[in-house]
Amino acid sequence: MFDHDLFSLIWGPTIAALSYVFDKTRTEEASVTTGSDMIEKSLHGFQKCAFIASHYHMTNVFDNIIIS
């Protein structure tokens with residue numbers, strides 16, 4: 001019941017944070033595995049946001065993920 005309300009409050013900042021991490025992570029740095037792991041984790045976060053948005057039929061979240 002409250003999950004929908006909570007997700008509708010936090011999806012914007014969450015996608016912004018995931019986009020920032022995805023954009024600023026470099027894989028060519030000295031620790032390549034850390035960069036790859038961070039990219040994987042951010043993509044996994046996008047996927048989880050998409051699953052939750054799908055469950056609550058929030059198409060605006062999908063639009064925002066695609067734009068990001």
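1. Leaving out residues up to four places away in sequence, Ser 42 touches Leu 18, Val 21 and Phe 22. Ser 42 itself belongs to helix H2, which covers residues 32-55. The model is a predicted one, and every value below is computed from it.

2. Is Ser 42 buried or exposed? Ser 42 counts as buried because its relative accessibility is 2%, and the cut-off for buried is under 20%. A polar atom of the Ser 42 side chain also lies 2.8 Å from the backbone oxygen of Ile 39.

3. Gly 35 is another residue of helix H2. The relative accessible area of Gly 35 is 6%, so Gly 35 is buried. Val 21, already named as a contact of Ser 42, is 14 residues from Gly 35 along the chain, and the C-alpha atoms of Gly 35 and Val 21 are separated by 10.0 Å.

4. The overall layout can be stated briefly. The protein chain contains three helices and zero strands. Read from the N terminus, its elements follow the order α-α-α. Helix H1 spans residues 2-24, helix H2 spans residues 32-55, and helix H3 spans 59-67.

5. Some totals for the protein chain follow. The chain has 68 residues, of which 22% count as buried. Its accessible surface is about 5,100 Å², and carbon and sulfur atoms account for 62% of that surface. Taking contacts between residues at least 6 apart in sequence, 59% join residues at least 24 apart.

6. Which residues make up the largest nonpolar core? The core has 11 residues in all: Phe 7, Trp 11, Ile 15, Leu 18, Phe 46, Cys 49, Ala 50, Ala 53, Met 58, Val 61 and Ile 65. H1, H2 and H3 are the elements that give two or more residues to this core. As background, nonpolar side chains in soluble globular proteins tend to be buried together.

7. Phe 7 is one of the core residues. Not counting residues up to four places away in sequence, Phe 7 touches Cys 49, Ile 52, Ala 53, Met 58 and Val 61.

8. Trp 11 counts as buried because its relative accessibility is 15%. With neighbours within four places in sequence set aside, Trp 11 is in contact with Met 58, Asn 60, Val 61 and Asn 64. Trp 11 and Asn 64 are 53 residues apart along the chain, and their C-alpha atoms are separated by 9.6 Å.

9. Helix H1 also holds Leu 9. The relative accessible area of Leu 9 is 66%, so Leu 9 is exposed. Together with Leu 6 and Ile 10, Leu 9 makes a nonpolar surface patch of about 310 Å².

10. Where is His 57? His 57 lies in the loop between H2 and helix H3. His 57 has a positive phi of about 55°, although it is not a glycine. With a relative accessible area of 70%, His 57 is exposed.

How values were computed
Residues numbered from 1 in each chain as written. Predicted model: local features only at pLDDT ≥ 70, side-chain atom pairs only at ≥ 80, totals over all residues. Heavy atoms only, no water. Patch = residues over 30% accessible without salt bridge, like charges linked within 9 Å, V, L, I, M, F, W, Y side chains within 5 Å. Areas by Shrake-Rupley, 256 points an atom, 1.4 Å probe, with all protein chains shown as cover. Salt bridge = Lys/Arg side-chain N within 4 Å of Asp/Glu carboxyl O. Helix = DSSP H or I, 4+ residues; strand = E, 2+ residues; numbered from the N terminus. Buried < 20%, exposed > 50% of the residue type's maximum accessible area, 1.4 Å probe, protein only. Polar contact = N/O pair within 3.5 Å; in protein donor to acceptor, adjacent residues only side chain to side chain. Contact = heavy atoms within 4.5 Å. Core = buried A, V, L, I, M, F, W, Y, C linked by side-chain atoms within 4.5 Å.
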